[in-house]
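Reader: Could you walk me through this one with a few questions and answers? I would like the cut-offs spelled out along the way.

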Amino acid sequence: MKNTIIKFENVSKDFSKNNQKTFKEFLPALFLGEKTVDRFTVFKDISFEIKKGECVGIIGPNGSGKSTILKLIAGVMSPTSGTISVQGRISPLIELGAGMHPELTGRENIFLNGAILGLSRKQIVENIQSIIDFSEIEEFIDQPIKHYSSGMYMRLAFSIAIHVKPEILIVDEILGVGDASFQEKCFKKMEEFKTNGVTIILVSHNLNQIEKFCNRVIYINHHRIQHDGHANKAIKIYASDQK
Amino acid sequence: MQELFKEIASIVKWRELLWQMVGREVKARYKQSVLGYFWVILNPLAQMLVMSFAFSIILRIPTNASSHIPYSIFLFVGLLPWTLFSNSLGSASASLVGSASLITKVYFPRTILVVSTIIAKIIDFLFASTVLIAYMVYYHIPISFSILWIFPIFFIQQIFTLGLSLFFAAANLLYRDIQYLLSLILILWMYLTPVIYPADIVPDQYKFIFQLNPLSVIINAYRQVILGGLEPKYSSLLIALALSVLTLVIGLKYFKSREKIFADNI
């Protein structure tokens with residue numbers, strides 16, 4: 001039996017938004033008895049398990065909580081109630097390049113981003129050539145990345161993220177990056193991960209991508225999991241709900 | 001306390017990230033401006049010169065016990081650590097908000113953002129201190145072995161700074177006003193700390209304010225060990241140490257209790 005690598009048990013997530021971001025707004029609101037905190041529920045009591053090596057797609061309309069699930073898995077957010085257990089090194093491909101600094105060179109950013117993703121200096125040094133090769137921007141690597149085009153920027157970020165040797169790869173809508181040939185390359189790399197037993201969780205609005213790539217799909221809507229199972233079926237249900 | 005050791009352990013585990021973040025801060029500044037690191041030296045130097053003019057030539061504040069010491073040096077010994085404190089606290093409080101994009105995307109110990117900002121400021125401080133050393137050599141200020149006391153005093157200062165920074169950084173995420181409030185607090189705080197005047201001209205009935213203010217004990221102690229060639233007052237230093245550790249424990253506790261909702265609130 002394969003072991004469970006991600007487990008959600010009765011997980012709920014509420015957001016409480018402060019309506020007033022400054023004292024100037026907050027103090028009058030407090031005196032007038034207005035609501036100072038708004039709560040809204042993203043999802044309620046959802047449970048699922050993901051086993052090692054599975055490739056799971058998450059679909060649903062905007063605001064249904066797809067990205068929130070990824071953030072919970074990544075440990076960036078905490079659930080309001082319920083428990084989440086995650087084992088293994090995670091590489092988040094959530095909006096790539098979050099830690100990049102525009103004034104630093106490509107090479108310096110590799111070290112910085114690698115460290116953010118939890119690599120040691122030694123691991124980065126060992127992999128740096130391969131990161132540069134994969135990104136195909138060798139000739140610009142010692143220039144500040146503020147001079148990069150957005151495509152080059154994304155290539156570099158993607159290239160760093162896949163060299164973390166993740167056990168769990170979380171991918172959020174990123175495959176719109178770069179030109180067609182680089183996208184092709186990214187998909188190939190992800191296929192390679194898949195065959196190597198890396199667990200992949202993919203969020204996308206592109207149902208074709210999901211169907212092509214994932215064997216299991218979780219469809220989430222109206223605060224609940226509507227369907228969890230075979231990709232074709234989940235996508236069909238989702239499509240019929242959309243009408 | 002246990003929380004503190006756990007946090008230290010996780011920062012040690014993520015030390016590579018810590019150094020990278022410090023490097024990011026330092027390198028980015030160096031690259032952005034023509035004068036680069038020179039600003040770090042020029043800034044306190046200019047401040048010191050103008051303040052010396054205002055307070056020793058116009059206002060004639062005495063330097064008392066160390067009367068053979070020129071006012072400019074007397075001032076600088078206090079001004080440098082104060083600037084370090086005030087810059088660290090100011091930048092560290094803004095550090096979480098400034099790294100919003102990271103906080104919502106990747107997991108790592110959040111305290112690293114605060115600690116790395118403070119370390120970067122310490123590096124600035126070391127650069128700025130070279131001016132003081134040059135100054136002291138120029139004026140032939142005698143120094144004794146008691147100068148080694150600056151290391152424990154510096155350590156206490158950093159504990160205090162870190163504790164307050166953790167508190168303000170977390171609070172600032174909830175209400176951005178905290179930043180503005182903090183800059184007001186820092187201005188008032190400077191005047192209630194013997195930076196521009198010596199501690200011993202403070203009237204007796206107000207001395208308690210200064211004893212409870214770790215910064216005033218710390219700055220006074222720097223002056224005693226650097227300029228006076230004396231040993232610091234142990235009792236005051238111990239109180240400052242105890243207050244600083246307490247501040248750190250409370251600051252960290254608050255930070256950790258808010259940490260879970262950082263990503264929700266940015």
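Reader: Is K260(B) buried or exposed?
Author: This is a predicted model, in which local features need pLDDT of at least 70, side-chain atom pairs count only at pLDDT 80 or more, and totals for chains, interfaces and linings use all residues. Residues are numbered from 1 along each chain as its sequence is written, while chains are lettered from A and ligands numbered from 1 in the order in which they are written. A residue is buried if 20 or more other C-beta atoms, placed from the backbone, lie within 10 Å of its own, exposed if 12 or fewer, and partly exposed in between. Because K260(B) has 12 C-beta neighbours inside 10 Å, this residue counts as exposed.

Reader: How are α1(B) and α11(B) oriented to each other?
Author: Two packed helices are described by the angle between their axes and the distance between the axes. Here the axes, lines fitted to C-alpha atoms over the stretch in contact, with angles from 0 to 180 degrees between N-to-C directions, belong to α1 (residues 2–13) and α11 (residues 234–259) of chain B, come within 9 Å and cross at roughly 70°. Angles under 35 degrees count as roughly parallel, over 145 as roughly antiparallel, 65 to 115 as roughly perpendicular and the rest as oblique. The two helices, α1(B) and α11(B), are therefore roughly perpendicular.

Reader: Which residues of α11(B) meet α1(B)?
Author: Contact means that C-beta atoms, placed from the backbone, lie within 7 Å. From α1(B) come E3(B), L4(B) and E7(B), and their partners in α11(B) are L248(B), V249(B), L252(B), K253(B) and K256(B).

Reader: How many residues of α4(B) are buried?
Author: The helix α4(B) reaches 38 Å from its first C-alpha to its last, close to the 40 Å expected at 1.5 Å a residue, where the expected span is 1.5 Å times one less than the number of residues. It is largely enclosed by the rest of the structure, because the buried residues among its 28 number 22.

Reader: Which helices do the buried residues of α3(B) pack against?
Author: An α-helix has 3.6 residues a turn, so residues three or four places apart point the same way. In α3(B), the buried residues are V40(B), P44(B), M48(B) and S52(B). They pack against α4 (71–98) and α6 (111–138) of chain B.

Reader: What radius of gyration does chain B have?
Author: Chain B comes to 12 helices and 0 strands, and its C-alpha trace spans about 55 × 45 × 35 Å along its principal axes. The globule rule, for a radius of gyration taken over C-alpha atoms, is 2.2 Å times the number of residues to the power 0.38. With 266 residues, a compact globule would be near 18 Å, which agrees with the value for chain B, 19 Å.

Reader: Which element gives the largest share of the side of chain A that touches chain B?
Author: The contact takes 28 residues from chain A and 22 residues from chain B. On the side of chain A, the elements that give two or more residues are β1 (4–18), α1 (23–31), α2 (66–74), β5 (90–94) and α3 (106–116). The largest share, 5 residues, comes from α3(A).

Methods. Two residues are in contact if their C-beta atoms, placed from the backbone, lie within 7 Å. Helices (H or I, at least four residues) and strands (E, at least two) are DSSP runs, numbered from the N terminus.
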